[in-house]
Amino acid sequence: MSELVRLSISIEKSLYEQLEGLVSESGYENRSEFIRDLIREQLVKREWKYNRDVVGTLTLVYNHHTHGLSEKLTELQHDHHSEILATTHVHLDAHHCVEVTLMRGAARRLQRIADRLRRQKGVLHAALNMSSTGAELH
Ligand code: NI
């Protein structure tokens, strides 16, 4: 574990009360761990902003009856096989599928892959979750 530093900050009382509310609502044991995670959130945003090596998952909900869509999605995933680590497909009902694709690579490249997949006709919803390799989050 790395060396700990204690810091004191000044914030408005109302903001402090809001912070305490957030900490207890989210079930954190203490304020410090909550604030560490807030900082890590910002660090992950920065990794994406500066095009670092990152991890992301793309959730796609689509109607598999749309002509040619399943084949097109598979083809696009093959085009990006170096970034795409795994894909899980679940048949939601008679018509709808959900696919979760786990990717790793340069942030902008992952965003472009997500955009290419979400643009396909028949895709009903696409959500890119932007995460991190964790290498810089200590
Ligand atoms: Ni399916």
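**A buried glutamate and its surroundings**

Tutor: E99 is buried but has no salt bridge, and K72, the nearest side chain of opposite charge, is 14 Å away. The model is a predicted one, in which local features need pLDDT of at least 70 and side-chain atom pairs count only at pLDDT 80 or more, while totals for chains, interfaces and linings use all residues. Residues are numbered from 1 along each chain as its sequence is written, and side-chain values use heavy atoms, with hydrogens and water left out.

Student: How do you know that E99 has no salt bridge?

Tutor: A salt bridge needs a side-chain nitrogen of Lys or Arg within 4 Å of a carboxyl oxygen of Asp or Glu. Lys and Arg count as positive, Asp and Glu as negative, and His and the chain ends are not counted. The nearest side chain of opposite charge, K72, is 14 Å away, so E99 has no salt bridge.

Student: What makes the pairing of the E99 and Y62 side chains a polar contact?

Tutor: A polar contact is a pair of N or O atoms within 3.5 Å, where within protein one must be able to donate a hydrogen and the other to accept it, and residues adjacent in sequence count only if both atoms are side-chain atoms. The side chains of E99 and Y62 are joined at 3.0 Å, and those of E99 and Q77 at 2.9 Å, so both distances fall within the limit.

Student: Why is E25 called exposed?

Tutor: Buried means under 20% relative accessible area, exposed over 50%, and partly exposed in between, with a 1.4 Å probe and protein chains only. E25 has 69% relative accessibility, so E25 counts as exposed.

Student: Why is the pair of Y28 and F34 called edge-to-face?

Tutor: The structure holds one aromatic pair. The ring centres of Y28 and F34 are 5.2 Å apart and their planes stand at 90°, so the pair is edge-to-face. Rings of Phe, Tyr and Trp (its six-membered ring) pair if their centres lie within 6.5 Å, and planes under 30 degrees apart count as stacked, over 60 as edge-to-face and the rest as tilted. With a relative accessible area of 27%, Y28 is partly exposed, whereas F34, at 9%, is buried.

Student: What makes H89, H91 and C97 donors of the nickel ion?

Tutor: Donors are N, O and S atoms within 2.8 Å of the metal (3.2 Å for Na, K and Ca), and water is not among the atoms, so sites may look incomplete. The atoms NE2 of H89, ND1 of H91 and SG of C97 coordinate the nickel ion at 2.0 to 2.3 Å, so they count as donors.
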